[in-house]
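Please walk me through this structure as a tutorial, one feature at a time. I am new to it and would like the general idea before each case.

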Amino acid sequence: MTEITAPKSPVTTAEFADGIREQLKYSQGVTVEQATPADVYVASSLVVRHYLQDAWFKTQQDMVNGNTKAVGYLSAEFLMGKQLRNALLNAGMIDQFDEAVKDLGFEPQDVIDVEHEPGLGNGGLGRLAACFIDSLASLGVPAFGYGIQYKYGIFEQAFDKDGKQIEKPDYWLTNEEPWGHIDYNRSQKVSFGGEVVEENGKKVWKPAWSVRAVPVDYMVPGYASGRVNTLRLWSAKSYDEFDLLTFNKSEYLDAVKPQVKAENISKILYPEDSTPQGKALRLEQQYFFVAASLHDAIRVFYPGQSKPDLTTFPSKITFQLNDTHPVIGIPELMRILIDEYGYDWDTAWSITTKTFNYTCHTLLPEALEVWPAKLISELLPRHMEIINEINEHFLAELKTKTRDKAKIERMRIVTDEENPKVRMAYLATAGGSHVNGVAELHSELLKDVTLRDFSDLYGDKFTNVTNGVTPRRFIRLANPRLSALITEGLGTDKWLSDLELLKGLEPLAKDDEFVKKFAAVKQANKEDFTAYAKREYGFDLDPNTMFNTMVKRLHEYKRQSLKILALIAKYADIKSGRVSADDVLPRTVIFGAKSAPGYYLAKMTIQLINNVARVVNNDPDVKGKLHVFFPWNYNVRLAQHLIPATDLDEQISQAGKEASGTGNMKFALNGALTVGTLDGANVEIRERVGAENFFLFGMTVDEVDKLYEDGYSPAKYYEADPRLKAAIDMVSDGTFSNGDRNTYAPLVADWLTKDWFMTLADFTAYSSIQSEIEALYRDPLEWNRKAVLNVANSGYFSSDRSIQDYLDNIWHTSPLA
Ligand code: B1N
């Protein structure tokens, strides 16, 4: 007997079909006969919203009226992925939808496919925020996600005829978007610029311009929790629609300038993952959504009160700062409390520090935001005053804690130089109760290196919360076959809300029948992906080869170069006759990666991968042995198709550089084996799945540090390993650039003279682990046994567990009763 705990549908198939008909008629204005899949998509989404509406109201009421502290997750990015099927799953309506749509003469998949995914994030950080709000709702914790409704999400990637990346605007709002509910009546005014004057001994900010922040609300249905939270994304609108005065002076274009300036704020997501550029517009975006959100929370929790007692604010809501992007919220809350509500400094500071907590997502020094004080002064003059005052108070406090003057100087929030800068990570650490890293190793390195002085003096603030991913989207939706097999193996589907139950599969790894069923699931998924690659990309794959995947943003520290060099070396082995093609394990190498538009070496690496693919895929000497597939525009949708079909996953960053990674968790949970370094959450994945079920290679953090200290010379490694030399020479000699020897010269020069992330130093170890991997893969039963053990032991990496950790150790709140 299988125990079923999945949510019960609130509708019958017939009711769902009636609902679609009604929405088609009254919202879309089309008959069933006229309707296209796009119409049915909108109508179905509205039906789902209809049935979630009461739970949404109730969750909001319980949140405001009850005594449970809510969570405000402040994030500049929410990489949601498609909404419809996820909402159907969480609300228990998948079957009713499928049947209803078929009854109306449509294919469910066609309806699902028309949804344009909201790409309001760059990568892991934004996707983590999306997993977290799913888990908050599923656990029944009252929460708001607060962010920006960018008009243009992450760019759509294409490749030109030379294999170079081209960026196209992602106008995801071209067609009707049924999920966002625009609430003009709850808008907030957000102001910028101007000056600060003294009136009656009080500081008064006289801003120069303002924009209207309009909330667009998305329902966030919990899985089987009966709760529906809110993702509130702010959209910028102008107050001055059209300046008639200017217009009358016949300066037509100038007349719309203020409007354009205002609405630019939420126009576009910055496409840089981990290298912020100190641009005024980015700071405008940050302040825009944070200021609107803080005022919104006061409106929600103190309805109709003109003089609320804000000393209770930290018991109403706790705000998590997702990286430094929302840190301007700290001086903003100070300003609200002091200037708008008349609190004194100490009371305001006490409220503020109790309200905020900060998650750091990086170790790269260039990724920690630092804003020129001048820029902040111009845009937010009152905030800069407050930041300076916070800095003074903080320095005074430090003097009571240490006599180490150098240390105090190093810890300044505002630097002491001719053009002072504001270090947002320091402001966040000083202005919040807790600071956390996103994997154990990362949190340790934060304490020991990045924020060392702070952890010396404020050790209690520091903690770790290892990232996680939602099993609803990344197992149940992405991999229905594996989900069914897990449920069969465990005799319950309860694992979807308690992922540690996967542990119950461990004994089944010894059961050959079960392992064979698992292998059949993987094979079927590979066949599905093969069909998908053909349909979407016109590309032929062979599902009987090993599917070896590396998908993530393109960044030097992630070391796509290592993967591509190893591939080229294998190609050169065969071409030179050193290795017979007959002895090569047939392998399909799949890449997915977007590069920041201005990131020169990353873009060149994309070009190289595409051209290696072109050459290798057209060379009869390696046919059936080596195949390279680089689908453009890697996004959440593609991830959901690709992850379940992958045999081997690559997590090969230089040790000490990847804060956590979350793709690594998704792959392990879907039964891919990982080849990886001791970096980020790889460390914890390996600990849990067992060292014998994880392909470890490469230098450790300590070895990396030592090599830097001793003086790293990449050319030495090039000379020492003939296969590495052959691979690099092949890149230089024009093999992948139609004979042109200059095309990749900058990349080759970087490898040989700088190689900042020590790709060359890890190459030999990486190649030899790949041989071990191939040997194991030739034994399908043993391979799949290890894959089952990966699934069984990865339950810890549910975002439900991450959220539980935040609840217990940082937020100190709980689900609604
Ligand atoms: O955050 C993920 C981690 O799993 C990854 O290891 C980490 O690289 C990623 C500025 C970032 N860190 N920093 C960013 C994104 C956008 C931006 O404008 C920085 N992303 C990460 C989740 O913890």
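Reading a strand and its surroundings

Q: Where is Thr588 found?
A: Thr588 is found in strand S20. Helices (H or I, at least four residues) and strands (E, at least two) are DSSP runs, numbered from the N terminus. This is a predicted model, in which local features need pLDDT of at least 70 and side-chain atom pairs count only at pLDDT 80 or more, while totals for chains, interfaces and linings use all residues. Residues are numbered from 1 along each chain as its sequence is written, and side-chain values use heavy atoms, with hydrogens and water left out.

Q: Is Thr588 buried or exposed?
A: Buried means under 20% relative accessible area, exposed over 50%, and partly exposed in between (1.4 Å probe, protein chains only). Thr588 has a relative accessible area of 1%, so Thr588 is buried.

Q: Which residues does Thr588 touch?
A: Contact means heavy atoms within 4.5 Å. Leaving aside residues up to four places away in sequence, Thr588 touches Leu541, Asp542, Thr545, Met546, Phe547, Asn548 and His627.

Q: In which sense do S19 and S20 pair?
A: Strands of a sheet pair through backbone hydrogen bonds, either parallel or antiparallel. Here two strands pair if DSSP finds at least two bridges between them. Strand S19 (residues 546-551) pairs with S20 in the parallel sense over 6 bridges. Within this pairing, Phe547 stands opposite Thr588, and Gly592 in S20 is the bridge partner of Val551.

Q: What handedness does the unit of S20, H24 and S21 have?
A: A crossover is right-handed if, with the strands pointing away from the viewer, the path from the first strand over the helix to the second runs clockwise. S20, helix H24 (residues 600-617) and S21 make a right-handed β-α-β unit.

Q: What is the order of the strands in the open sheet?
A: The sheet has 6 strands in the order S21-S20-S19-S22-S23-S24, and the pairing is parallel. At the edges are S21 and strand S24 (695-696), each of which pairs on one side only.

Q: Which residues of strand S14 lie on each side?
A: S14 (residues 356-359) has Phe356 and Tyr358 on one side and Asn357 and Thr359 on the other, and all are buried. Strand S13 (residues 317-322) runs parallel to S14 and is joined to it by 4 bridges. The bridge partner of Phe319 in S14 is Phe356. S14 also pairs with strand S17 (residues 435-437) in the parallel sense, over 2 bridges, where Thr359 stands opposite Asn436.

Q: How many aromatic pairs does the whole structure hold?
A: Rings of Phe, Tyr and Trp (its six-membered ring) pair if their centres lie within 6.5 Å; planes under 30 degrees apart count as stacked, over 60 as edge-to-face and the rest as tilted. A search of the whole structure finds 32 such pairs. One of them is the stacked pair of Phe144 and Tyr146, with 5.1 Å centre to centre and 20° between the planes. Both Phe144 and Tyr146 are buried. Phe192 and Trp209 are also stacked, with 4.6 Å centre to centre and 20° between the planes. This pair links distant parts of the chain, 17 residues apart: Phe192 is in strand S8 (residues 188-192) and Trp209 in strand S11 (residues 209-221).

Q: Why does Phe192 count as buried?
A: Phe192 counts as buried because its relative accessibility is 0%.

Q: Which lysine lies over the face of Phe474?
A: A charge sits over a ring if NZ of Lys or CZ of Arg is within 6 Å of the ring centre and within 35 degrees of the ring normal. Lys666 lies over the face of Phe474, at 4.4 Å from the ring centre. Lys461 lies over the face of Tyr458, at 5.2 Å from the ring centre.
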